[in-house]
Amino acid sequence: MRLPGHPHPRLPLPPAGQGEDLDAFLAWLGEAIPLVRHLGIRAMRWEGEALVWELALSPSLNDKGTGFGGALTAQATLLGWCWTTLWLRRQGRAQDVVVAEAGQRFLAPVSGDYRLVCRPERDDGPVQLAERLAAKGRGRLALVQQLWCGDTLCLEARGDYAVLP
């Protein structure tokens with residue numbers, strides 16, 4: 001068991017020209033952040049510029065039999081961290097990412113299995129981040145996450161993710 005204050009080893013970058021093995025990334029994430037193993041993530045995939053998680057509701061149930069807001073918030077925040085980290089890895093960069101600011105709005109109860117979708121808040125956000133990284137070695141990116149239960153939008157979240165030098 002890793003002790004507090006001791007970072008988990010980084011996942012090696014994929015070879016140049018090869019895409020990320022998302023199953024391997026998710027397995028590494030479960031080792032690096034033990035809570036991930038209990039979130040009910042069934043699948044992770046890219047849909048264009050959106051990173052999507054498919055999740056089971058059962059690990060995140062509240063006393064009312066619907067999704068526990070704290071768990072859903074944590075998942076949305078972590079998905080943004082994953083989006084930023086995977087984007088950096090595609091650029092051949094192994095840099096630390098932290099959430100700098102996050103907020104959410106609950107719109108409807110989550111009553112079944114669901115999907116979380118994360119994408120940049122602005123279409124030019126990744127380009128601006130790349131420019132800041134080239135100039136300063138660090139930067140920030142605003143991402144939005146949406147939680148869908150079937151066709152119902154249940155949660156909208158937003159986060160600013162900082163890429164450390």
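Strand S2 is largely enclosed by the rest of the structure, because five of its six residues are buried; buried here means under 20% relative accessible area, exposed means over 50%, and partly exposed covers what lies in between (1.4 Å probe, protein chains only). The structure is a predicted model, in which local features need pLDDT of at least 70 and side-chain atom pairs count only at pLDDT 80 or more, while totals for chains, interfaces and linings use all residues. Residues are numbered from 1 along each chain as its sequence is written, and side-chain values use heavy atoms, with hydrogens and water left out.

Helices (H or I, at least four residues) and strands (E, at least two) are DSSP runs, numbered from the N terminus, and two strands pair if DSSP finds at least two bridges between them. Strand S1 (residues 41-47) runs antiparallel to strand S2 (residues 50-55), and six bridges join them. Within this pairing, Met44 stands opposite Trp53 of S2. S1 and S2 form a hairpin with two residues between them, and in the turn Gly48 has a positive phi of about 65 degrees. S2 also pairs with S4, again in the antiparallel sense, over five bridges. Here Glu54 has Arg115 in S4 as its bridge partner. In a regular strand, side chains alternate between the two faces of the sheet.

The loop between strand S4 (114-120) and helix H3 (125-136) holds Asp123. With a relative accessibility of 81%, Asp123 counts as exposed. Asp123 and Glu49 are 74 residues apart in sequence, yet their C-alpha atoms are 9.3 Å apart in space.

Next come the aromatic rings. Rings of Phe, Tyr and Trp (its six-membered ring) pair if their centres lie within 6.5 Å; planes under 30 degrees apart count as stacked, over 60 as edge-to-face and the rest as tilted. By this rule the count comes to three aromatic pairs. The ring centres of Phe25 and Trp28 are 5.7 Å apart and their planes meet at 40 degrees, so this pair is tilted. Both residues lie in helix H1, three residues apart, or about one turn of the helix. Phe25 is buried, at a relative accessible area of 0%, and Trp28 is buried as well, at 15%. A second pair, Trp46 and Trp83, is edge-to-face, with 6.0 Å from centre to centre and 70 degrees between the planes. This pair links distant parts of the chain, since Trp46 lies in strand S1 and Trp83 in helix H2, 37 residues apart. Trp46 counts as partly exposed at 24% relative accessibility, whereas Trp83 is buried at 0% relative accessible area. Ring pairs also link Phe25, Trp28 and Trp81 into a cluster. Arg90 lies over the face of Trp46, at 4.5 Å from the ring centre; a charge sits over a ring if NZ of Lys or CZ of Arg is within 6 Å of the ring centre and within 35 degrees of the ring normal.

On a 1 Å grid over the protein atoms alone, a cavity is a set of points where a 1.4 Å probe fits but cannot get out, and a pocket is an open set with protein on both sides within 12 Å along at least five of seven lines; lining residues have an atom within 4 Å of a point. The largest pocket contains about 420 Å³ of space. Its lining numbers 21 residues, of which His8, Arg10, Trp28, Trp81 and Asp96 lie nearest the centre. Helix H1 (22-32), helix H2 (69-90) and strand S3 (97-106) are the elements that give two or more residues to this lining. The count of cavities of 30 Å³ or more comes to one, and the largest cavity holds about 30 Å³ of space. Among the residues lining the largest cavity are Thr73, Ala102, Gln145, Arg158 and Tyr161. H2, S3 and strand S6 (152-163) each supply at least two residues of this cavity lining.

How values were computed:
Grid points are joined across faces, edges and corners, and a volume is the space filled by probe spheres set on the points.
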